[in-house]
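Please look at the sequence and the 3D structure together, and keep both in view as you read.

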Amino acid sequence: EWSSPWRRRPVTLALIAASIAVYFDIVELPQPILYFSLPEIASGEAWRLISPIFLHYSPLHILFNMWMLYDLGTVVERKLGTWRYLLLILAIAIPSNFGQYFATGPGFGGMSGVVYGLFGYAWVRGRLEPTSGLYLRNDVAVWMIGWFVLCAVAAISNVANWAHGVGLAAGALLGAARA
């Protein structure tokens, strides 16, 4: 397990590495170039469809998102394989970013829409097909649901609630569709 972490979860670790690189300015990019912006997307800057997932605004923000991405992403990536998992990430990131953009505008970021999508995918897929190997530990479900509720009732401010909700819905729908 520990001797070859890249072989077992390359996409998950690449997403974590990219998020950390952006957070600590290891890759020196001005944050506005990563914002979701329809005019720029329409003019060919397609990376903006997913780039907000790499933006994090506080130590707690990146720590929680990377912890949940590692936990959920490892399980899902192992079951789907690298390419199907990568497509799943894209199929969650893009609608969750659109949802947040239409609700609040371009100044948002974080991996949490993807994380909630992975949660929804594993939850539904695991319930519909118990032999799939996709399961959620109780502590993960409690953290995810608890955090979702706290953010949704505005107990915690400056959170991309629409990305959470749309990501969760996209993941659940893809899990139900056997994607």
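On a 1 Å grid over the protein atoms alone, a cavity is a set of points where a 1.4 Å probe fits but cannot get out, whereas a pocket is an open set with protein on both sides within 12 Å along at least five of seven lines, and the residues that line either one have an atom within 4 Å of a point. Grid points are joined across faces, edges and corners, and a volume is the space filled by probe spheres set on the points. The model you see is predicted, so local features need pLDDT of at least 70 and side-chain atom pairs count only at pLDDT 80 or more, while totals for chains, interfaces and linings use all residues. Residues are numbered from 1 along each chain as its sequence is written, and side-chain values use heavy atoms, with hydrogens and water left out.

A search of the whole structure finds one cavity of 30 Å³ or more, and the largest cavity has a volume of about 40 Å³. Its lining consists of P52, N97, F108, G109, G110, S112, G113, A160 and A163. To sort such residues by class, Ala, Val, Leu, Ile, Met, Phe, Trp, Tyr, Cys and Pro count as nonpolar, Asp, Glu, Lys and Arg as charged, and the others, Gly among them, as polar. On this basis the lining of the largest cavity has four nonpolar, five polar and no charged residues.

The second largest pocket holds about 160 Å³ of space, and among the residues that line this pocket are F119, W123, R127, Y135 and I145. Helices here are DSSP runs of H or I with at least four residues, numbered from the N terminus, and the elements that give two or more residues to this lining are α6 (112–128) and α7 (138–152). Helix α6 gives the most, with five residues.

How do the axes of α6 and α7 cross? They come within 11 Å and cross at roughly 130°, where an axis is a line fitted to C-alpha atoms over the stretch in contact, and angles run from 0 to 180 degrees between N-to-C directions. Angles under 35 degrees count as roughly parallel, over 145 as roughly antiparallel, 65 to 115 as roughly perpendicular and the rest as oblique, and α6 and α7 are therefore oblique to each other. In their contact (heavy atoms within 4.5 Å), V115, Y116, F119 and W123 of α6 meet A141, M144, I145, W147 and F148 of α7. This contact divides into nine nonpolar, no polar and no charged residues.

Helix α6 also meets helix α8 (residues 161–176), and the axes of these two come within 6 Å and cross at roughly 30°, which makes α6 roughly parallel to α8. Among the residues in contact are S112, G113, G117 and G120 of α6 and A163, G167, G171 and G175 of α8. By class, the contact of α6 with α8 has ten nonpolar, eight polar and one charged residues.

Finally, helix α2 (residues 10–23) and helix α4 (residues 59–80) pack at an angle of about 170°, with their axes 8 Å apart, which makes α2 roughly antiparallel to α4. The residues that make this contact include L13, I16 and I20 of α2 and I62, M66 and L69 of α4.
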